[in-house]
Amino acid sequence: MKKFYVATAIPYVNDKPHIGHAMDYMLADVLARYHRQMGAEVFFEVGTDEHGTKIAAKAEEAGKTPKDYADSVVPAWHEFLKRLGVSYTDFVRTTDERHEKAAQLIWKKLSEKYIFKSTYEGWYCSGEEAFVTAREAAETNGECPVHKRPYQKLSEENYFFKLSAFGDQIKEALQAGELKIIPDFRKHEILQLIEKGLEDISISRPKKHLSWGIPVPGDPDHVMYVWFEALINYVSVLDYPDGENFKKFWPADAHVIG
C-alpha cells in the first residue's frame, strides 16, 4: 500500500483560531481524503507551537505559567478542528514529552557537524521572534514591515546552525523538481534568496532572556530558539527516531503552509 504524509503549519497559541487557519486545515484535509480514496495509507498532522517570547508574555498577562496558559488555549484548537470536520491523524504539541525528546536528540546529532557557538550581533524583531540580517534591516529602513516598529539591536552569545552549508543542495533539489514549492512565485522567491547567499542562523536564546523553551542539551544557560525546535514537530509527531510511523511515513509528501 502506498503512503501519504501531509503536514500543516502549527500555529502559535497566543491567540484563537481564525479563518486563515481554517483554510490551511481544509486544504490539507482535501489532500488527505483524496489520497485515502486512491488507496493510500494517510498520516495527516496538525498541532500547536507553544514556546517562545510571545507565549511567555501572554501567560504573564493572564497571570499564569506559560504551560498553564498553553493548556488553557489548546482545547479551542481541538474544538476548531472538530467543527471543521478535519480528518487528522494526530495532534502534536511542542510541549509534549515526545517532542522535547526528539528536539534534544536532533540537536545532539546536528551538533556533531552543523551547530556551533558564537556571538550574535545584529537585528531582532520581537513581534516575529526572529533575527534579521543587516541586508534585510537596511532594505526596510530598520523597521519591521509587518509590526511597524524598529528592530532591536542585540549582542549575545548564541548557538548557530550552518544553514550556509545547504544552499547548493536546496537549489539543486528545487531546480530538479525533487523538492517542489507551489505556487511557482514562492519557489522563485526561495531561489532568489539562495542566490543572495544563505547565512548561518541563530538557533538558541540565553535562558536569562527567555526561560520558556526546550533546554539546549549540555548547556543549561540556553534554550532552543522556537522557530528551530518547532519545525521538529513534523518528525516528533511520528515518534522519531524509532516509531513505526516515522519508519513508514517520513519524509512528508506535502506541507501545507500559510
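Biologist: Is Lys148 buried or exposed?
Modeller: This is a predicted model, and in it Lys148 counts as exposed because its relative accessibility is 58%, over the 50% cut-off.

Biologist: Where is Lys148?
Modeller: Lys148 sits in the loop between H5 and E6. Its phi is near 55°, a positive value in a residue other than glycine.

Biologist: Why point that out?
Modeller: Because most residues other than glycine have a negative phi.

Biologist: Which loop holds Asn141?
Modeller: Asn141 is in the loop between helix H5 (134-139) and strand E6 (152-161). Asn141 is not a glycine, yet has a positive phi of about 55°. With 73% relative accessibility, Asn141 counts as exposed.

Biologist: New topic. Which residue does a cis peptide bond join to Pro241?
Modeller: Tyr240, and omega of that bond is about 5°. Pro241 lies in the loop between helix H9 (233-236) and helix H10 (244-249).

Biologist: And what about Pro251?
Modeller: A cis peptide bond links Trp250 to Pro251, with omega about 5°. Pro251 is in the loop between H10 and strand E11 (254-256). Most peptide bonds are trans.

Biologist: Now Glu50. Buried or exposed?
Modeller: Glu50 counts as buried, because its relative accessibility is 0% and the cut-off is under 20%. Glu50 belongs to the loop between strand E2 (41-48) and helix H2 (53-62).

Biologist: Which residues is Glu50 in contact with, leaving aside neighbours within four places in sequence?
Modeller: Val13, Ile55, Ala70, Val74, Arg93, Thr94, Thr95 and Trp212.

Biologist: Last topic, helices. At what angle do the axes of H1 and H3 cross?
Modeller: The axes of helix H1 (residues 19-37) and helix H3 (residues 66-84) cross at roughly 55° and come within 11 Å. So H1 is oblique to H3.

Biologist: Is the crossing left-handed or right-handed?
Modeller: The crossing of H1 and H3 is right-handed.

Biologist: Which residues make the contact?
Modeller: From H1 they are His21, Ala22, Tyr25 and Met26, and from H3 they are Trp77, Phe80, Leu81 and Leu84.

Biologist: How many of those are nonpolar, polar or charged?
Modeller: The contact of H1 with H3 has 7 nonpolar residues, 1 polar and no charged ones.

Notes: Residues numbered from 1 in each chain as written. Predicted model: local features only at pLDDT ≥ 70, side-chain atom pairs only at ≥ 80, totals over all residues. Heavy atoms only, no water. Helix = DSSP H or I, 4+ residues; strand = E, 2+ residues; numbered from the N terminus. Buried < 20%, exposed > 50% of the residue type's maximum accessible area, 1.4 Å probe, protein only. Contact = heavy atoms within 4.5 Å. Axes fitted to C-alpha atoms, helices over the stretch in contact; angles between N-to-C directions. Parallel < 35°, antiparallel > 145°, perpendicular 65-115°, else oblique. Left-handed = near helix turned anticlockwise from the far one by under 90°. Nonpolar A, V, L, I, M, F, W, Y, C, P; charged D, E, K, R; others polar.
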